[in-house]
Amino acid sequence: MNPAPALWIYLIPIIGIFLTHSSVGIGGLALSISLLFFFYARLSMRVKKICSLAIVGLILLAGLCLVGNDFLSTNGRFQFWLAAIDYFMKHVNLWVGTGLGTGQLFGPAVQAAYKLDIGLGWYIFFHSDWMELVFEQGFIGFYSVAMIVVASLLGFLNRNNFVSFIALF
């Protein structure tokens, strides 16, 4: 009996990511698959580079064909992020933030305070984990999480454990 998992086990999450029509999800998928190929394929370095770039290109092309013109659209996120940064700097304790989980409350409040009409309703999530982390947990929380990521990256570089590093993202 072959201990390797069936191909469909790998295809289900890939198909799921494409069905979300999320350009960030599809981009992350392209990057992840190409990096896994680059680090684990037993080919020459030149062939690995070419194949990794081809994988990224094919997945992004498939995403563009599937999603269409909205594939690289920001959907008003940059406007919201700029307003959230301004709100954070003026109204929030920079060291401890607003509190864990309060981004869902402050997202609509920021939109209302800055009269943002992005045409998609209210943002209850910041659509950026790092931005939401700083807003909710302040610079102390951001620093703590950033140190975990740095420690994981250093562990990857020292032990070549790519899977544990990529699991952070």
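This is a predicted model: local features need pLDDT of at least 70, side-chain atom pairs count only at pLDDT 80 or more; totals for chains, interfaces and linings use all residues.
Visitor: How many aromatic pairs in the whole structure?

Guide: Nine. In one of them, Phe38 and Phe39 have ring centres 5.5 Å apart and planes at 90°, so that pair is edge-to-face.

Visitor: Is Phe38 buried or partly exposed? And Phe39?

Guide: Phe38 is partly exposed, at 22% relative accessibility. Phe39 is partly exposed too, at 34%. The cut-offs: buried is under 20% relative accessible area, exposed is over 50%, partly exposed is in between (1.4 Å probe, protein chains only).

Visitor: What about Phe88 and Phe139, how do their rings meet?

Guide: Their centres are 5.9 Å apart and their planes at 80°, so this pair is edge-to-face. Phe88 sits in helix 4 and Phe139 in helix 6, so the pair ties together parts 51 residues apart in sequence. Helices here are DSSP runs (H or I, at least four residues), numbered from the N terminus. Phe88 is buried at 5% relative accessibility, whereas Phe139 is partly exposed at 34%.

Visitor: On to the packing. How many residues does the largest nonpolar core have?

Guide: It has 13. Those with the most contacts inside it are Phe80, Tyr87, Phe88, Val92, Val110, Phe126 and Phe135. A nonpolar core is a set of buried Ala, Val, Leu, Ile, Met, Phe, Trp, Tyr and Cys residues joined through side-chain atoms within 4.5 Å.

Visitor: Which helices each supply at least two residues of this core?

Guide: Helix 4 (77-91) and helix 6 (129-159). Helix 4 gives the largest share, six residues. Apart from this core lies another, of eight residues, among them Phe18, Leu29, Ile55 and Val67.

Visitor: Back to Phe126. What is it in contact with?

Guide: Leaving aside neighbours within four places in sequence, Phe126 contacts Phe80, Trp81, Ala84, Gly103, Gly107, Met131, Glu132 and Phe135. Contact means heavy atoms within 4.5 Å.

Visitor: Glu132 is on that list. Buried or exposed?

Guide: Buried, with a relative accessible area of 14%. Glu132 is in helix 6. Residues up to four places away aside, Glu132 touches Gly103, Phe125 and Phe126.

Visitor: And Gln104, where does it lie?

Guide: In helix 5 (residues 103-113). Gln104 is partly exposed, at 41% relative accessibility. Beyond neighbours within four places, Gln104 contacts Ile124 and Phe125.

How values were computed:
Residues are numbered from 1 along each chain as its sequence is written. Side-chain values use heavy atoms; hydrogens and water are left out. Rings of Phe, Tyr and Trp (its six-membered ring) pair if their centres lie within 6.5 Å; planes under 30 degrees apart count as stacked, over 60 as edge-to-face and the rest as tilted.
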